[in-house]
Structures are given as C-alpha cells and as structure tokens.
Amino acid sequence: MSTWNPASWQTRKAQQQPQYTDPAALESNVAELSRLPPLVVSWEIEALRERLAAAQRGEQFLLQGGDCAESFAECESDRIAKQMKVILQTSLVLLHGLKRPIIRVGRMAGQYAKPRSADTETRDGVTLPSYRGDIINRPEFTAQAREPDPRLLLRGYERAGLTLNFIRSLVDGGFADLHHPEYWDLGFLRNSPAREAYQRIVRSIVDSLDFFESLTGSPVHETGRVDFYASHEGLHLLYEQAQTRFIPRSQQWYNLSTHFPWIGMRTAQLDGAHVEYFRGIANPVAVKVGASMSSEWLQGLVTTLNPNNQPGRLTLIHRFGAKEIEKSLPRLIDAVRQTGQTVLWVCDPMHGNTESTVGGYKTRRLENIQRELELAFDVHEAQGSRLGGVHLEMTGEDVTECTGGARGLSDADLARAYRTQVDPRLNYEQALELALMIADRSKKVRTF
Ligand code: PEP
Ligand code: CO
C-alpha cells in the first residue's frame with residue numbers, strides 16, 4: 001500500500017468538488033478548521049465500530065436516517081428534537097420486531113454537501129453553478145448565491161457542533177429514556193392509522209421493562225440512555241481532511257467531524273480521491289453501491305477499504321431500486337464472498353426509487369420503498385447472507401414528499417408540504433409504517 005496521509009487524496013482525481021475562486025480565502029478557512037477542536041472523539045467511534053461488528057454477526061441492527069441534506073437555516077431546536085423523535089420511535093418499533101439492539105445513526109450534524117449530476121444549472125437561458133449543499137454555496141438562483149464560499153466550511157462545522165451539542169444534552173437529560181417514550185410523541189400522529197400499532201408496541205416494551213425491573217429489583221441496564229451517532233456523506237474532502245486527527249493512544253488517524261462517514265455512489269471510483277482518503281481513516285466507513293457497479297470494482301473497494309478484514313469497518317449500503325434489486329444484489333453478494341471478507345450489508349430503499357411527477361416534483365412511492373426493503377431481506381436470506389440495517393431519508397416534520405402510505409398521499413398532495421432542498425423524505429408517519437412492516441415481517445419469520 002502506498003503511503004497514506006490526510007492529504008494524499010490530493011494526488012488523485014476528486015469528483016464533485018467545488019471550484020473556489022479565491023485560493024487564499026479557502027486556505028485560511030481550511031487552516032482555521034484544522035485548528036478547531038473535533039466534534040466527536042475516537043472512543044465513541046471505536047464503540048460504534050464494535051456495534052457495527054455485532055450487526056454484521058446478526059446480533060444488532062443499524063437504523064441510519066435523516067434528511068437528504070441538512071440546511072443551516074433549519075439548525076433549530078424544534079427540528080432537531082423532531083428528527084430525534086422519529087429516529088427513536090422508528091428504532092423502538094424495530095427493537096420490538098427484531099428483538100435485537102438497534103444502532104441509531106442520524107444523517108445529522110454535518111450532512112451539508114451534496115453530489116450533483118450536473119455542475120451547472122440553466123434557467124431561462126442563464127447558466128450558474130449547481131447548488132451543492134449549504135457548506136458550499138446557497139440555493140437561490142443568483143450568481144452571488146451560487147458562488148462557492150469558503151467561509152461556509154466554518155459555518156457548517158459550527159452548525160454541526162451546535163446540532164451535536166443539543167443531541168448530546170437531550171440524551172444526557174433522559175430524552176431517550178426507554179421508560180418514557182411519551183417524550184417522543186409528535187402531535188400529528190394522533191389521527192394516524194399507524195398510531196394504534198405503535199402504541200401497542202410502546203405499551204408492550206414499557207410493561208416488559210416494568211415487569212423485569214420489579215422482578216429483579218434493579219433498573220434494566222442502559223435503558224435510561226441510548227447511544228446516538230452521527231454520520232454524513234464524506235464528500236467535501238478539504239473539510240474532511242481538516243477534521244482528520246492523529247490519536248497517539250491508538251496510533252491511528254480518525255475523521256473526527258463525524259462517527260461514521262460514507263462514500264456516495266458518484267465518488268466511489270477505485271482510483272479516485274475519496275477512496276484514497278477513506279482508506280486511511282480508522283472510522284467505520286460505508287460505501288453506497290448500485291447496479292452499475294461491476295463485481296471487480298466492488299471487490300477492489302472491499303480489499304482497499306478493509307485490507308485486514310476488520311469486523312465493523314466496512315458497511316455496504318445497496319440502493320438498486322425495487323425493479324433492479326433481485327437482479328443485482330445476488331451478484332454483488334457473491335462478489336464480496338469471493339474476496340473472503342465480511343461486510344455489514346444495509347439497504348437504502350430510497351435512492352433507487354426516485355421518480356418525477358408530471359407536476360415536476362421529485363418523489364418516491366412508499367410501496368416501492370417497502371418492496372425494495374422486503375426484497376432485500378428475501379435476497380440476503382436466499383443467498384445465505386444477512387441484511388443488517390436500513391438507511392432512510394426521513395424527517396420528523398409532517399411533509400408531503402413521498403407518496404403512498406396509510407393516509408394515501410397522492411401526486412396531487414405533494415404541493416401541500418414539499419420542503420426538501422434535494423431528495424424527497426419519508427414523513428414521520430411513513431417512516432413508522434416502514435418500521436412496522438419490518439417488525440411484522442420478522443414476526444412471521446420467527447419460529448418460536
Ligand atoms: C444520498 O444519500 O443522499 C445520495 C446522494 O445517495 P447516493 O450516493 O446513493 O446516490
Ligand atoms: Co438523497
């Protein structure tokens with residue numbers, strides 16, 4: 001392996017990076033970012049890797065979810081608390097159904113950079129750089145807004161820090177206590193068809209806890225406080241590099257801007273800058289994989305990113321779409337098997353199921369999302385493999401961005417509360433419905 005350092009990616013071709021026009025300003029902002037304290041610490045990262053290793057063995061299950069893109073404007077207490085509520089509630093349903101600890105990971109506190117299919121956008125004959133996420137430029141369609149601004153790197157770091165600080169305080173204060181799921185109630189579920197099923201699960205968990213605690217006379221270990229981890233797409237390599245630190249205790253480099261960064265589909269080239277950067281950090285890492293990935297390419301990723309076959313180190317998040325998964329997944333499972341390595345397999349049923357309505361909205365149908373997820377469980381099982389988690393774009397807000405679900409949202413409903421900057425998210429109710437589907441399915445599979 002050639003020598004790695006946090007900047008060695010700069011010798012490779014880096015896709016999806018912004019073109020800054022003021023190199024001096026860029027340099028001074030990156031230098032400041034490199035001096036500021038990290039957002040997470042290495043022992044949290046190590047603890048997460050151990051849990052991901054347990055998920056790989058089938059003992060735990062990963063729930064990773066959040067916005068497609070966070071925005072600086074929405075770094076607000078209400079939104080963050082709602083996002084946590086929906087992740088906690090969804091995880092409770094999964095816990096009940098799967099009877100395994102759920103690893104909760106937010107697409108949060110740093111999900112600010114987006115890959116785009118085109119570098120520029122043209123409206124009414126005017127061509128400007130594409131919006132690439134709040135850490136790079138601004139969404140308004142003006143030349144000034146779309147100019148990549150290096151000061152936004154610091155703004156992003158600060159907002160990620162504010163978000164994490166609030167999450168940590170909520171968790172420490174008992175917000176995530178399994179004895180008090182009523183803290184996670186979101187008003188608009190009151191009229192939801194999913195409410196009754198959810199409440200039955202909550203009652204059953206609270207009753208079991210009470211029963212066990214009165215039987216043993218002591219509180220059940222670790223129910224008062226759940227762990228919560230942060231993840232984002234490691235897209236903007238100067239940002240990731242600036243938060244990469246050497247930890248003498250373990251003699252390794254860590255990306256301390258997040259616990260669990262991933263490589264997106266568009267930047268997973270084997271000889272590209274992202275793979276070069278990711279191979280040298282000690283965090284658990286993930287890669288998005290799709291139908292266009294050849295078996296040799298995937299095998300190269302597996303051996304480059306996890307040469308020592310370390311448990312929990314590498315997660316593959318597959319995102320094929322409901323139509324493709326049966327054709328593509330067996331081939332990729334087999335390709336990984338041939339390397340003799342083990343990975344954690346996770347299904348992202350969102351990104352392969354995006355479509356546009358006649359009205360011009362980017363949407364996803366819940367039935368396709370459910371179908372892909374069910375097929376993911378089936379195909380892994382049939383191949384003697386195991387699905388160890390789900391990766392969702394979801395929000396605690398009552399938005400109308402994906403169609404379907406118990407409330408029967410149709411294309412005509414999308415205009416009512418379509419708020420995403422980039423991809424359509426499951427609303428709170430749809431996320432719960434998906435979790436209920438997984439829980440139901442696992443009840444059928446269980447034989448005792
Ligand atoms: C995403 O997760 O928002 C994303 C862009 O996904 P992918 O890289 O799988 O297309
Ligand atoms: Co997305």
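## A guided look at helices, a ligand site and some loops

In helix 2, the buried residues are S42, E44, I45, E46, L48, R49, R51, L52, A53, A54, A55 and Q56. Buried stands for under 20% relative accessible area, exposed for over 50%, and partly exposed for the range in between (1.4 Å probe, protein chains only). Helices (H or I, at least four residues) and strands (E, at least two) are DSSP runs, numbered from the N terminus.

Please keep in mind that this is a predicted model, in which local features need pLDDT of at least 70 and side-chain atom pairs count only at pLDDT 80 or more, while totals for chains, interfaces and linings use all residues. Residues are numbered from 1 along each chain as its sequence is written, chains are lettered from A and ligands numbered from 1 in the order in which they are written, and side-chain values use heavy atoms, with hydrogens and water left out.

From its first C-alpha to its last, helix 2 reaches 21 Å, close to the 21 Å expected at 1.5 Å a residue; the expected span is 1.5 Å times one less than the number of residues. Just after helix 2 comes G58, with a positive phi of about 85°.

Helix 5 has 22 residues (151–172), and its end C-alpha atoms are 32 Å apart, in agreement with the 32 Å it should span. Which residues of helix 5 are buried? They are L152, L153, L154, G156, Y157, A160, T163, L164, I167, L170 and V171. These buried residues pack against helix 1 (23–35), helix 3 (77–98), strand 5 (229–231) and helix 7 (237–242), where contact means heavy atoms within 4.5 Å. After helix 5 comes G174, whose phi is positive, near 100°.

Let us turn to the ligand. Around ligand 1 are C68, R107, K114, P115, W262, G264, M265, R266, K288, R319, H351 and E393, each having a heavy atom within 4 Å of it. By class, this shell has four nonpolar, two polar and six charged residues. For these classes, Ala, Val, Leu, Ile, Met, Phe, Trp, Tyr, Cys and Pro count as nonpolar, Asp, Glu, Lys and Arg as charged, and the others, Gly among them, as polar.

| Protein atom | Ligand atom | Distance |
|---|---|---|
| M265, polar backbone atom | ligand 1, oxygen | 2.9 Å |
| K288, polar side-chain atom | ligand 1, oxygen | 2.8 Å |
| E393, side-chain N or O atom | ligand 1, oxygen | 3.1 Å |

Taken alone, ligand 1 exposes 300 Å², and the protein buries 97% of that; areas come from the Shrake-Rupley method with a 1.4 Å probe, and for residues only the protein chains shown count as cover.

Beyond four places in sequence, K288 touches several residues, including R107, W262, M265, R319 and H351.

Most residues other than glycine have a negative phi. K99, in the loop between helix 3 and strand 2 (102–107), has a positive phi of about 55° although it is not a glycine. K99 is exposed, with a relative accessible area of 51%. N309 also has a positive phi, near 55°; it is found in the loop between helix 9 (295–305) and strand 10 (314–318). At 27% relative accessible area, N309 is partly exposed.

T342 lies in the loop between helix 10 (325–339) and strand 11 (344–347) and is partly exposed at 44%. Leaving aside neighbours within four places in sequence, T342 is in contact with Q56, N306 and N309. Its side chain makes a polar contact with the side chain of Q56 at 3.2 Å, and Q56 is one of the buried residues of helix 2.

Apart from residues up to four places away in sequence, W9 touches A14, L237, L238, Q241, A273, E276 and Y277. A polar atom of the W9 side chain lies 3.1 Å from the backbone oxygen of P6.

Technical notes. Polar contact = N/O pair within 3.5 Å; in protein donor to acceptor, adjacent residues only side chain to side chain.
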